[in-house]
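Grab a pencil and work through a few exercises on a protein chain. Try each task on your own before reading the solution.

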Amino acid sequence: NLSAPAVLKGVTHLDAADIGYVTAAAGLIGAGAMLFNGWSSDRRGERYLHAIAPLVLMAVAYGAMSLMRAPVLFVAAYVVAIAANAAFQGVFWTAPGEAIRPAVAAGAIAAINCIGQLGSFACTSLWGAAKQRTGGYDLGLAILPFLFLLAAAFVLGLRQQRKRRQRLAAPFKD
């Protein structure tokens, strides 16, 4: 997100104002995606698939961004990536409150945030190093899909683990 203006400028050659409009529009669409995905998740009572779908969508969008140089398609993929990120965040932050006892939820949320901040620092450093070494953002964009697919696989594994626990606990409910 921090490099979005530079990445967009490099591909589209838009001026600063137009890049601002693109990023603002992506943010507004992202807000709508967050609200819709959260509403859908609440309505269906399901969190895992509502987290996995945006992660996969981000992987596809960043993969497309790494491969294409047509400005309109690149901007479209960027908007999809930002919207999917927002949709994921809306569902992701409901999970700690549902999965963790209230007495420890604040500490767990703080730990999640801390790990996220460390990851942001490390990935931003790697992103910058890749740009310096290669002269462009292509390598960073090409790696992102694998990270999002790894995250989706992790969430899918959590979903499977929860289903197994529910099946094992079912006979003891009565």
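The exercises below go from the overall fold to single pairs of residues, and the model is a predicted one.

**Exercise 1. Classify the aromatic pair of W127 and Y137: what are its distance and angle, and where in the chain do the two residues lie?**

Step 1: Start with the whole structure. A search of it finds 5 aromatic pairs.

Step 2: Now zoom in on W127 and Y137. Their ring centres are 5.5 Å apart, with 25 degrees between the planes. Planes under 30 degrees apart count as stacked, so this pair is stacked.

Step 3: W127 sits in helix α6 (residues 102-134), while Y137 is in the loop between α6 and α7 (138-169), so the pair ties together parts that are 10 residues apart in sequence.

Step 4: Are they buried or exposed? The cut-off for buried is under 20% relative accessible area. W127 has 19%, so W127 counts as buried. Y137 has 18%, so Y137 is buried too.

Step 5: F88, F92 and W93 form one aromatic cluster.

**Exercise 2. Find the salt bridges: how many are there, and which residues form them?**

Step 1: Get the count. There are 2 salt bridges.

Step 2: Take D42 and R47. Their closest N and O atoms are 2.8 Å apart, and the cut-off is 4 Å, so the pair qualifies as a salt bridge.

Step 3: Compare the surroundings of the two partners. D42 is exposed, with a relative accessible area of 52%, whereas R47 counts as buried at 17%.

Step 4: Move on to R69 and D138, where the closest N and O atoms are 2.1 Å apart. This pair links distant parts of the chain: R69 is in the loop between α3 (48-67) and α4 (71-92), D138 is in helix α7, and they are 69 residues apart.

Step 5: R69 is partly exposed at 37%, and D138 is partly exposed at 42%.

**Exercise 3. Characterise the second largest pocket: how much space lies in it, and which residues line it?**

Step 1: Note the volume, which is about 170 Å³.

Step 2: List the lining. You'll find S41, D42, G45, E46, R47, Y48, E98, R159, R162, K163 and Q166. Notice D42 and R47 in that list; they're the salt-bridge partners from Exercise 3.

Step 3: Ask which helices contribute. α2 (16-44) and α7 each supply at least two lining residues. The most come from α7, with 4 residues.

Step 4: The lining divides into 1 nonpolar, 3 polar and 7 charged residues.

Methods: Residues are numbered from 1 along each chain as its sequence is written. This is a predicted model: local features need pLDDT of at least 70, side-chain atom pairs count only at pLDDT 80 or more; totals for chains, interfaces and linings use all residues. Side-chain values use heavy atoms; hydrogens and water are left out. Rings of Phe, Tyr and Trp (its six-membered ring) pair if their centres lie within 6.5 Å; planes under 30 degrees apart count as stacked, over 60 as edge-to-face and the rest as tilted. Buried means under 20% relative accessible area, exposed over 50%, partly exposed in between (1.4 Å probe, protein chains only). On a 1 Å grid over the protein atoms alone, a cavity is a set of points where a 1.4 Å probe fits but cannot get out, and a pocket is an open set with protein on both sides within 12 Å along at least five of seven lines; lining residues have an atom within 4 Å of a point. Grid points are joined across faces, edges and corners, and a volume is the space filled by probe spheres set on the points. Ala, Val, Leu, Ile, Met, Phe, Trp, Tyr, Cys and Pro count as nonpolar, Asp, Glu, Lys and Arg as charged, and the others, Gly among them, as polar. A salt bridge is a side-chain nitrogen of Lys or Arg within 4 Å of a carboxyl oxygen of Asp or Glu.
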